[in-house]
Amino acid sequence: MKNLLTTLCLLMSIGTYAQKEIAPAKWVKMFNGKDLKDWDIKIKDHDLNDNFGNTFRIKDGYLTVSYDQYKQFDEQYGHIFYKKNYSAYLIVVEYRFTGEQVKGGPGWAYRNSGVMLHGQPAATMTKHQDFPISLEEQLLGGNGKDPRTNANLCTPGTNVVMNGKLITDHCIGSTSKTFHGDQWVHVEALVLRDSVLKHIVGSDTVLVYNKPQIGGGNVLEPDPAVKQDGKPLTEGSISLQSESHPVQFRRVELFDLSPYINDPVKLDRIIRQLQQRKNK
């Protein structure tokens with residue numbers, strides 16, 4: 001009986017310790033619902049932090065991408081960058097599309113946004129660059145009838161490895177279902193430096209890859225000093241897109257896993273605890 005009680009007490013203490021490690025204070029709330037403090041803005045053909053047309057704004061407590069001050073889209077792709085780089089983390093994003101696509105937006109950008117992972121810093125983008133060198137977890141919505149997978153991977157200026165093979169395709173489809181209408185959608189990305197990256201929709205892992213690296217095309221006029229093909233991507237910026245369809249974000253939060261990255265046992269425990277917390 002004494003041994004049993006000792007074992008139970010030990011398990012309880014381990015559980016309590018793990019819960020402390022994932023306490024709410026460990027989560028980074030990346031926007032405050034009031035302003036765009038801690039974010040940089042870069043829109044194609046505009047200088048850093050020129051928020052052309054008030055594209056990025058806070059409305060009703062949501063981080064909102066709007067085009068009500070645009071006459072035409074004119075390929076003015078934009079991104080809003082969190083001001084701190086990360087290497088290992090779980091990021092959680094909840095988004096919804098609203099309204100109509102702005103005039104001049106390309107067909108493929110209908111109900112299309114994204115969260116850019118392991119990206120270059122905003123300040124290193126050239127004035128006319130359209131997308132940061134990064135890994136895009138697409139945030140998509142359906143048209144009400146046709147299938148369209150979500151959380152696909154697109155690779156502006158990058159390549160990845162899947163199943164031991166270098167993939168140079170620009171976009172790789174996931175296994176997710178389609179999300180029609182203006183519903184809120186919950187998407188995550190688990191990023192562990194360059195060892196593994198997972199795209200998650202709801203509770204389902206829908207895409208897995210590793211060894212991301214700079215390479216390939218699909219990015220306009222990058223600085224050659226930044227686009228060093230073959231360079232591994234082990235950390236970088238996180239940004240959200242404006243691609244011509246209005247979109248709102250009610251949650252953009254991150255759990256920093258870098259303190260545990262060199263302790264596989266603890267890292268695995270934390271990830272499992274995060275998963276269990278989400279499923280409650």
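With which residues is glutamine 248 in contact, leaving aside its neighbours within four places in sequence? Contact is taken as heavy atoms within 4.5 Å, and on that basis glutamine 248 is in contact with Lys59, Tyr62, Leu63, Thr64, Glu94, Tyr95, Arg96, Thr98 and Trp184.

## Basis of the model

This is a predicted model, in which local features need pLDDT of at least 70 and side-chain atom pairs count only at pLDDT 80 or more, while totals for chains, interfaces and linings use all residues. Residues are numbered from 1 along each chain as its sequence is written, and side-chain values use heavy atoms, with hydrogens and water left out.

Glutamine 248 belongs to strand β17 (residues 247–256); strands (E, at least two residues) are DSSP runs, numbered from the N terminus. The residue is buried, at a relative accessible area of 8%, where buried means under 20% relative accessible area with a 1.4 Å probe and protein chains only. A separation of 9.1 Å lies between the C-alpha atoms of glutamine 248 and isoleucine 58, which are 190 residues apart along the chain.

Isoleucine 58 stands opposite leucine 63 in β4. Strands β3 (residues 56–59) and β4 (residues 62–65) pair in the antiparallel sense over 4 bridges; pairing requires at least two bridges found by DSSP. The two strands form a hairpin with 2 residues between them, and aspartate 60 in the turn has a positive phi of about 55°.

## The open sheet

Seven strands make up an open sheet in the order β2-β5-β16-β7-β8-β9-β12, with antiparallel pairing. Its edge strands, each pairing on one side only, are β2 (39–43) and β12 (171–172). Within the sheet, β5 (residues 78–82) and β16 (residues 237–242) pair over 4 bridges in the antiparallel sense, and isoleucine 80 stands opposite leucine 240 in β16.

## Nonpolar cores

A nonpolar core is a set of buried Ala, Val, Leu, Ile, Met, Phe, Trp, Tyr and Cys residues joined through side-chain atoms within 4.5 Å. The largest such core has 48 residues, and those with the most contacts inside it are Trp39, Ile91, Leu117, Tyr209, Phe249 and Val252. Strand β6 gives the most to this core, with 5 residues. Apart from it lies another core, of 15 residues, including Val92, Val196, Ile200 and Ile270.

Leaving aside neighbours within four places in sequence, leucine 117 is in contact with Tyr89, Ile91, Ser134, Leu135, Ala189, Val191, His199, Tyr209 and Ser237.

## Cavity

A cavity is a set of points, on a 1 Å grid over the protein atoms alone, where a 1.4 Å probe fits but cannot get out; lining residues have an atom within 4 Å of a point. The count comes to 1 cavity of 30 Å³ or more, and about 30 Å³ of space lies in the largest cavity. Its lining consists of Tyr95, Arg96, Phe97, Arg111, Leu140, Gly141, Phe179, Gly181, Gln183 and Val185. Strand β6 (residues 88–97) gives the most to this lining, with 3 residues. Tyr95 and Arg96 are also among the contacts of glutamine 248.

## Asparagine 159

Asparagine 159 lies in strand β10 (residues 158–162) and is buried, with a relative accessible area of 9%. Beyond its neighbours within four places in sequence, asparagine 159 is in contact with Leu166, Ile167, Thr168, Lys211, Pro212, Gln213, Gly215 and Gly216.

How values were computed
Buried < 20%, exposed > 50% of the residue type's maximum accessible area, 1.4 Å probe, protein only. 1 Å grid on protein atoms, 1.4 Å probe; cavity = no way out; pocket = protein on both sides within 12 Å on 5 of 7 lines; lining within 4 Å. Points joined across faces, edges and corners; volume = space filled by probe spheres on them.
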